[in-house]
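Open the structure in your viewer and keep the selection panel at hand. We will go from stop to stop, with a note on what to select and what is there.

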Amino acid sequence: MNSNFYYGVKPYRGDDTLRKDGKVARRQLKELKNFHRLTYSPLIESETLRVERHNAEGFCYIIRFYMMSSWAKKRKSMYVAVACGVIFLSVLIPFLIIYNDSPTCFDGKRNNNEQGVDCGGNCAILCTPDLIKPIVLWERVFRVLPGVYNTVAYIENPNISAHVRRAQYIFKLYDADNTLIIEKIGTTFIPPKKTFGIFEGGIDTGEHIPTRVTFEFTHDLVWEKDAGDNPEVSVDNALLSKTDTKPRIDARLTNTSLRPVSNVEAVAIIFDTEGVAIGASRTFVDYLEKNEVMNIVFTWPEPFETG
């Protein structure tokens, strides 16, 4: 069997195969980081890792003191401190509102050197008209077991230095009568200038057999300048085996970055000799130290469907 593989490594986001053996204006960027830290899971902090393709025999491998003599003195000091605090705030806040009118990237106005309202120029947020929408190259649904399916969308981001920290999407699976069977909603990170796979696995369709799937991003994408400091992870030494029974890929994941990476999701896509995707699987890695090498595994419970 002459097939091709794609390996994609990106932030954590079925037959999900769990590994068992194993920021640009300083003010805005700081506020963006605080916003994401307070609002979302720490997984979104992972950068997308490099997509790697490797050739092997028949295959292409494409993550805050008072010390007083008595309680009376202590209480008096506390009362004085509270009173002073109230007076300070009542004076400071109106002063800031009246006199602090310097432009920011969050004031709802186009000022400073912004190219749009709170976007472009020194702002971390980029103006949408200056960017190209992500391209959905294809979407596929793959049978894993009777009534259980995986689905993948293959996406290209043509923008060289722009990423989306949190992109919401939806998969819709349909049967042969074009009846909607199920929807799967999720979020992902869109890396700059990369082609990558978005995977949803272990989808239970009951007695329905999906014959096609659609994919789309469901909300306006918020593009940010990319600082070019994304973690780099490579995949090599990949080996496909047991294709006639329970296919399995063993590979080696290496963190070539200068810092640790965490919450890594790796997706493997199988292509036939015509370049058509015939299977996909996913595995997770919780943490990789810099220069750490780890073995990863992708598995399927049945042979791939071809033809």
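**Stop 1: the largest pocket**

Start by selecting strand E5, which gives the most to the lining of the largest pocket, with six residues. Strands here (E, at least two residues) and helices (H or I, at least four) are DSSP runs, numbered from the N terminus. Before you go further, note that this is a predicted model, in which local features need pLDDT of at least 70 and side-chain atom pairs count only at pLDDT 80 or more, while totals for chains, interfaces and linings use all residues. Residues are numbered from 1 along each chain as its sequence is written, and side-chain values use heavy atoms, with hydrogens and water left out.

The lining has 27 residues, and Val141, Phe142, Arg143, Ile278 and Glu305 lie nearest the centre of the pocket. A pocket is an open set of points on a 1 Å grid over the protein atoms alone, where a 1.4 Å probe fits, with protein on both sides within 12 Å along at least five of seven lines; lining residues have an atom within 4 Å of a point. The space in this one is about 430 Å³, a volume filled by probe spheres set on the points, with grid points joined across faces, edges and corners.

**Stop 2: from the pocket to a salt bridge**

How exposed are the two partners? Glu302 is partly exposed, at a relative accessible area of 24%, and Arg143 is partly exposed too, at 33%. The classes are buried for under 20% relative accessible area, exposed for over 50%, and partly exposed in between (1.4 Å probe, protein chains only).

**Stop 3: a buried pair**

Next, select Glu224 and Arg165, a salt bridge whose closest N and O atoms are 3.3 Å apart. Glu224 belongs to strand E11 (residues 223-225) and Arg165 to strand E7 (residues 162-174), so parts that are 59 residues apart in sequence are tied together. Are these side chains in buried or exposed residues? Glu224 is buried, with a relative accessible area of 3%, and Arg165 is buried at 4%.

**Stop 4: a three-stranded sheet**

Select E12, E13 and E16, which form an open antiparallel sheet in that order. Strand E12 (233-241) and strand E16 (293-299) are at the edges with a single partner strand each, so one side of each has no neighbour in the sheet. Neighbouring strands are turned by 20° against each other on average, direction ignored; the axes behind such angles are lines fitted to C-alpha atoms, for helices over the stretch in contact, with angles running from 0 to 180 degrees between N-to-C directions.

Zoom in on E12 and strand E13 (residues 248-255), which pair in the antiparallel sense over seven bridges; two strands pair if DSSP finds at least two bridges between them. Which residue of E13 is the bridge partner of Val235? Leu253 is that partner.

Show side chains for Asp236 and Arg252, which meet in a salt bridge (2.9 Å, N to O). Asp236 lies in strand E12 and Arg252 in strand E13, so the pair ties together parts that are 16 residues apart in sequence. Asp236 counts as partly exposed at 23% relative accessibility, as does Arg252 at 28%.

**Stop 5: two positive phi values**

Select Asn237 in strand E12: its phi is near 55°, a positive value in a residue other than glycine. Asn237 is exposed, with a relative accessible area of 54%. Then move to Lys242, in the loop between E12 and E13, where phi is near 55° and again positive in a residue other than glycine. Lys242 is exposed, with a relative accessible area of 54%.

**Last stop: the whole chain**

Zoom out to see two helices and 16 strands. Of the 307 residues, 43% count as buried.

Technical notes:
A salt bridge is a side-chain nitrogen of Lys or Arg within 4 Å of a carboxyl oxygen of Asp or Glu.
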